[in-house]
Amino acid sequence: MADRRLEIDGVSKRFGDVVALTEMAFDVRAGEIFGFVGSNGAGKSTTTRIALGVLTADAGEVRWDGRPLDLDTRRRVGYMPEERGLYPRMKVAEQLAYLGRLHGMSVPAAAAAVATWTERLGVAGRRDDEVQKLSLGNQQRVQLAAALVHDPDILVLDEPFSGLDPLAVDIMSQVLREASCGHPGRPRLASGDGGPEQTDGDNLGGTAGGNAIGAG
Ligand SMILES: Nc1ncnc2c1ncn2[C@@H]1O[C@H](COP(=O)(O)OP(=O)(O)OP(=O)(O)O)[C@@H](O)[C@H]1O
Ligand SMILES: [Mg+2]
């Protein structure tokens, strides 16, 4: 258990002529927050998509606990996509409960998780509001709740802090740091634009022109 880690091992990806990643390699240990910065187009989102398994690498491998990612492991990942992914017309609580159910939670377990995370992220008062009626920052808090609701083993977040006010950055950072919520040993991989809050991770890596720089 102590040795569990998410390994990005020599991952390369091209889109036609565009080289998005060249032999990207880093590990995120259990319990570690790995912050991951790079300029626009550096390959951050591509890395998170490959880490989640929604995009296939041309070369290299992603492993969790020593084994290549399979469908079962993918279900154990909490993901916050760059394009976000909430249904604008669904109510906050309904939507989160639905996502929990999709991940195999029972109705009561999903409801309990929704109550916990909306409370923790400061959007409990908005549970019965449609997502589209929330401000951008509050939508983002709900998006983080969506990544956490099924109590994932691994968290992969693409620019979780973008568009947030300082208070929201604080709350999100705290939630991400808390070892006691769910899994003490959960590795967290978070990309960002290199703003001050991005130095918050236990470890910091970066991409430039598709190459990993100073990772680890
Ligand atoms: N589906 C795609 N088809 C073609 N090119 C793509 C695709 N996805 C990414 N790319 C290209 O790969 C490179 C890396 O893109 P990526 O989205 O991973 O960067 P990023 O670091 O997340 O940038 P940003 O900070 O703007 O979010 C870019 O040159 C981008 O244009
Ligand atoms: Mg991106």
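Guide: Here Ala, Val, Leu, Ile, Met, Phe, Trp, Tyr, Cys and Pro count as nonpolar, Asp, Glu, Lys and Arg as charged, and the others, Gly among them, as polar. The model is predicted, so that local features need pLDDT of at least 70 and side-chain atom pairs pLDDT 80 or more, while totals for chains, interfaces and linings use all residues. Residues are numbered from 1 along each chain, with chains lettered from A and ligands numbered from 1 in the order written.

Visitor: How do the residues of the shell around ligand 1 divide into nonpolar, polar and charged?

Guide: The shell, whose residues have a C-beta atom, placed from the backbone, within 6 Å of the ligand, includes F15, G41, K44 and E82. Its residues divide into four nonpolar, six polar and two charged.

Visitor: Which element gives the most to the shell around ligand 1?

Guide: Helices (DSSP H or I, at least four residues) and strands (E, at least two) are numbered from the N terminus. Strand β2 (18-29) and helix α1 (44-52) each supply at least two residues of the shell. The element that gives the most, with three residues, is α1.

Visitor: Is R84 buried, exposed or partly exposed?

Guide: R84 is found in the loop between β6 (77-80) and α3 (92-102), and its C-alpha atom is separated by 8.1 Å from that of Q140, 56 residues apart along the chain. Burial is judged from other C-beta atoms, placed from the backbone, within 10 Å of the residue's own: 20 or more is buried, 12 or fewer exposed, and in between partly exposed. Because R84 has 16 such atoms within 10 Å, R84 is partly exposed.
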